[in-house]
Amino acid sequence: MAALAEEPAEVVVKPDPDPDGAAPPQLSPAAAAEGEAAAPGSGGEAAPPKPAPPAPAASPAPTDRQTLLAVLQFLRRSNLREAEDALRREARLLGEEVAAAALSPSAGGAAGTPGGEADAAGGEALLSRVVAAAATSGAAGGSLAAAVPGAAAVVVGAPVKGEKDQPDVSAVLSAYKQQGDPALYEEYYSGLKHFIECALDCHRAELSQLYYPLFVHMYLELVYNQHENEAKSFFEKFHSDQECYYQDDLRVLSSLTKKEHMKGNETMLDFRTSKFVLRISRDSYQLLKRHLQEKQNNQIWNIVQEHLYIDIFDGMPRSKQQIDAMVGSLAGEAKREANKAKVFFGLLKEPEIEVPLDDEDEEGENEEGKPKKKRPKRESMGSKSKKQDPNAPPQNRIPLPELKDSDKLDKIMNMKEALKRVRLGPECLPSICFYTFLNAYQGLTAVDVTDDSSMIVGGFADSTVRVWSVTPKKLRSVKSAADLSLIDKESDDVLERIMDEKTASELKVLYGHSGPVYGASFSPDRNYLLSCSEDGTVRLWSLQTFTCLVGYKGHNYPVWDTQFSPYGYYFVSGGHDRVARLWATDHYQPLRIFAGHLADVTCTRFHPNSNYIATGSADRTVRLWDVLNGNCVRIFTGHKGPIHSLAFSPNGRFLATGATDGRVLLWDIGHGLMVGELKGHTDTVYALRFSRDGEILASGSMDNTVRLWDAVKVFEDLETDDFTTATGHINLPESSQDLLLGTYMSKSTPVIHLHFTRRNLLLASGAYSPQ
Amino acid sequence: MAEEKKLKLSHTLLPAESMKVMAEATGIAQVPEETCQLLADEVSYRIKEIAQDALKFMHMGKRRKLTTGDVDSALKLKNVEPLYGFHAQEFIPFRYASGGGRELYFYEEKEVDLSDIINTPLPRVPLDVCLKAHWLSIDGTQPAIPENPPPAPKEQQKAEATEPLKSTKPGQEENGALKGKGQNAATPDGKGKEKKAPLLEGAPLKLKPRSIHELSVEQQLYYKEITEACVGSCEAKRAEALQSIATDPGLYQMLPRFSTFISEGVRVNVVQNNLALLIYLMRMVKALMDNPTLYLEKYLHELIPAVMTCIVSRQLCLRPDVDNHWALRDFAARLIAQICKNFSTTTNNIQSRITKTFTKSWVDEKTPWTTRYGSIAGLAELGHDVIKTLILPRLQVEGERVRSIMEGPVVSNIDKIGADHVQSLLLVSWGGVAAGGLCIGVAVTEGGSYVCPQLGGGLPPAALVAPGGQAGTDSRACRSQVITFSTSPVGTATSPVTTTVASLQPVVKLVSTAQTAPSATVTGNVQKYIVVSLPPPGEGSKGGPPAQLSPSAPPGLALPSLAPPTSTTIKQEPSDSPQTPASTPTPFGKANGAQGGVAESPQPSQ
């Protein structure tokens, strides 16, 4: 897959392998040595595994020959004359060469590589490991080695130094295969299963986390080594032990039965390239280690060493529930240190704008006869914006565009509206106005509403973008240049005069994309509109002329989502190529590329302070990226399906995420913790939105319902004591029913967008889909 | 379950044969077996891969259904040219064929004549996308408007009615909340009252939360308009109102009002003998029953008495001799049957209670003819089994009674009309069940025109019912069946005249005068049939001697008289039917489905 060519970018954001003392990388060189010593097959005692720095000097040709020789030897050994001859003829190899090979030191186990890698850091190490892993497992893998010639060379570097005194063919092969007999895999696995089942209750839950990654890697190894039938029976025997939320991955795995298939398979590559992260208490880990050593089960041990990252913590083992809440992503849980970075989640200081006391306002006050009530409110609002939030980033951390006059006017409007805002709460639920798209045969794929709720845009599967005005004010475009020159520029109503009355209509259709439009976003000033599509582009449209201004190319693959920064100018997009990109409207190339997700980036959201970006992905994780330096500062795991919606709370402290599993999870950004789980939806949650004051969280789903949740209640009884913060263990209440304030069902309209107007009226929208 | 599915999935492979076929289709002959196998593996894998990618597009497209477009997109992702020609179809029907032990699924590609396409007028331009706004919720309450789903779905209403305590269980809280909100529609103080519900829930006694029935102003207006239109004089308005009752989803909260309205209305108008209003009210009941969003169980205590009144009341109109109150009785009887069908359970025993009521009033000697008619109509509507167990045994008694009225000296006009109606009703209901396989000779003399049901062979009714009992279905099913009347004894077997039951009644009369006992061959989906009693040889013609079929004929008449034709027909399909319980020689008919079947005596059906 060409998309993966961009994978090295991951290096940029990959948390360093071993900054933490307790983490296993530190453990691995020693442990690896132990493991090998215990394993007679790999003949580790011959030479201590040396750190093998990548040596890309060797040419690919010898590698192939190496492999070939090993295979030939194996064949001879197994009395497979015919095969040997055939192969030899095929390779035009001479007998003596084989003989020579038997004596030569060239054949070697790559047993040293895992240890070596841990020492190497940075991109090279990662790359080498990727490739080493790939090459290692290709037993007679001429084809695979050929596919990654440079990488294979790295592998060769190590074995040459490895075991000089081991001309034994089985040893040679074991280096490729890691461990001999495929028939034993089932035994190993059930042995481990038995061990875990017999473990003490408190450890069992933790240890059972091992099931899935081990299962996957053992299966993949079997497939790599072309033991198709063994792999199949292994899969059949144990796949039902796996947790149900891994089903999607298992389905992908199940279709993989041939080595050739593995080349292009992305899911498979994810497993090979990224370590599966497990969080296990020290006691449980010791137990496991002891068991594996006793049993001399170095097969499993190898996998644990090579493909698993065990994040060990001190203290009580976690309960099954605690574990279940956090696992489920493609690559296990987030490492603890991944969420340690400081995040400035506070809001930026609002620029001070004089709010002119409007006549209309005065009248309103007089009519109501409560002038007192309003005045303090306004003061409080003013003071709030004046005070600097301690958690806020420096004002100019990210350069933001200057406020224009029109922006200021809009802000004033916003404040005025805010005064009329309904104060929501469990006692006062919002009214919901549902905008149904009728006759959307072509499929509605994206919706957005302007902040002032005056326009709605719909992206359709037929490549069109349609903009509706939902106020009596119709959409008009600017007059042509020739006509504009005739206008008296001095007149007061020049802004009105430039508009062409003849073009006034409620609906404008924007043509330009050549594939389904998956995302759309209005700029905060309502002058621009972004849309992204299956055709790999993001387009910027002018809402003055209703024409396309720019097509941003870069993703090359379908772009799933895009969003304007709350301050305009910047925008973010994410797509099938697994990266999210930060753009500025006046640059045709991205400013930042956020890489690290292991699958499609399905949704993107700006933090209200515009300094961070949250992305949700099909790898079932949510990541938070720092716009300033492109680092990944938070990884949230816990969803059991691809993420399809994100929403920041207005105060910037919390993030809500919704996924295909129908659950909404709430996260404390500052502490990097899951703080709530809202269960109730029965299908994908496609829309999430906090009310303007953050009291209510609204969620909209494919199950045709809008649900309202009490956000205040979720967040008020947060236990953010030191222990929780340090360990990341959370105890969530079983039921979220007491948080559910209301369920509103539409007839047959999936809810795909939600929007709170400035006065806290909830707008929902979706396309009517006749059953 | 899901596990099993997946298991299956992991093994799904295209058969190697398909590869061969495809290779041949593209002109490559002689593909080795191994190659086919390899290809099959590879292709299966690729297809799965593409399907998984396509699924991704479906999710992103926010749909539930995978479309061909998704597959195209997935192919595009892999730099494969998409499949052309599968676009417009919403659903691609795969045809199935098998032969020679092979199964084949294919997509039918019809040859398209271009000139046809060119010449056909353009299809209508589809409507453009448009935006429509409605209130999903107003201050946390979902308004009952057509755009919204009914506030309480029928299932929930049902659950509530049948299991009152269930809705207060914590698991169902959300439903409860939804409903609670739906009920106190837009009233400011509704909320306060609703707040009490949780208190009650917490109590050890699980009390059903008090439901509040306050109607909003709009609902009150609606109620007023609808009820006025329903009983008003303008037929067009009434039709609209009834239509509204039958279709509007938001009537749940008004149901108690409607129910009371109907119940009171019937009470008053029965006393005043206002036939028209009673009819209107019954039509309202019908409309309520028709509304798919309403579950009436909770209001049956009001509706059933009202409907029953309209069936069995002694007098429903001012001039019973002229007005057609019979129609109202029939209509109401159908309603009650519908109610029984929908709501009768083993706990509420609606049907048995209703049946009991009908039977009691029917059995009573002093029951007036109007009530008698209503009772029979009510029973007749309740289905086959009821007719067989309750009406048929009394047929003779009733026949006597009718005759005594018809022939008796002191006949009031009203009684006579009543008896007449009862007679025709009995004929109809008998016709329905005749198919059930009872040997009954019914003869109506031309002159006297009275009914004389005779129970065949003097067998106890139970025995007669037994064979047919298995076959019983509702009377409507019978209507569609065919009854064959034979015109001549020999012809019975070979050339039956078939006619549908709908025209049964006149035919019966005709036959009876022709001196042939009706031989009804009914072929229906469930049962086989037939009753024939065809004694007299010779061409049946009008005006023949009625002697044999006179009421005084021995009870055994019907069956023995069948003997002659029997012998001919048995030969036709000897193996087809077992002997009748009465073990009388009987003609055999064709089994199920054969319209031209021969008449015969009861046959146990399968």
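**Entry 1: ground rules.** I am working on a predicted model, where local features need pLDDT of at least 70, side-chain atom pairs count only at pLDDT 80 or more, and totals for chains, interfaces and linings use all residues. I number residues from 1 along each chain as its sequence is written, letter chains from A and number ligands from 1 in the order in which they are written, and take side-chain values from heavy atoms, with hydrogens and water left out.

**Entry 2: chain B overall.** I then checked burial (buried is under 20% relative accessible area, exposed over 50%, partly exposed in between; 1.4 Å probe, protein chains only). Of the 606 residues in chain B, 46% are buried. I find 24 helices and 9 strands in chain B. These are DSSP runs, H or I of at least four residues for helices and E of at least two for strands, numbered from the N terminus. Contact means heavy atoms within 4.5 Å. Among chain B contacts with a separation of 6 or more, 63% join residues 24 or more positions apart.

**Entry 3: B:Ser259.** I located B:Ser259 in helix H11 (residues 255–271) of chain B. Its relative accessible area is 1%, so B:Ser259 is buried. Leaving out residues up to four places away in sequence, B:Ser259 touches B:Tyr299, B:Glu302 and B:Leu303.

**Entry 4: chain A.** I tested helix H11 (residues 183–198) of chain A for length. Its 16 residues should span 22 Å at 1.5 Å a residue, and the end C-alpha atoms are 24 Å apart, which agrees. The expected span is 1.5 Å times one less than the number of residues. Buried residues of H11(A) include A:Tyr185, A:Tyr188, A:Leu192 and A:Ile196.

**Entry 5: the B–A interface.** I count 54 residues of chain B in contact with 73 residues of chain A. B:Met60, B:Lys62 and B:Leu131 supply 14% of the area chain B buries against chain A, more than any other three residues. Buried area is the accessible area (1.4 Å probe) that two parts lose on being put together, summed over both. The total is about 5,500 Å², 56% of it from carbon and sulfur atoms. I find 4 salt bridges across the interface, by the rule of a Lys or Arg side-chain nitrogen within 4 Å of an Asp or Glu carboxyl oxygen. One salt bridge joins B:Arg64 and A:Asp683, closest N and O atoms 3.4 Å apart.
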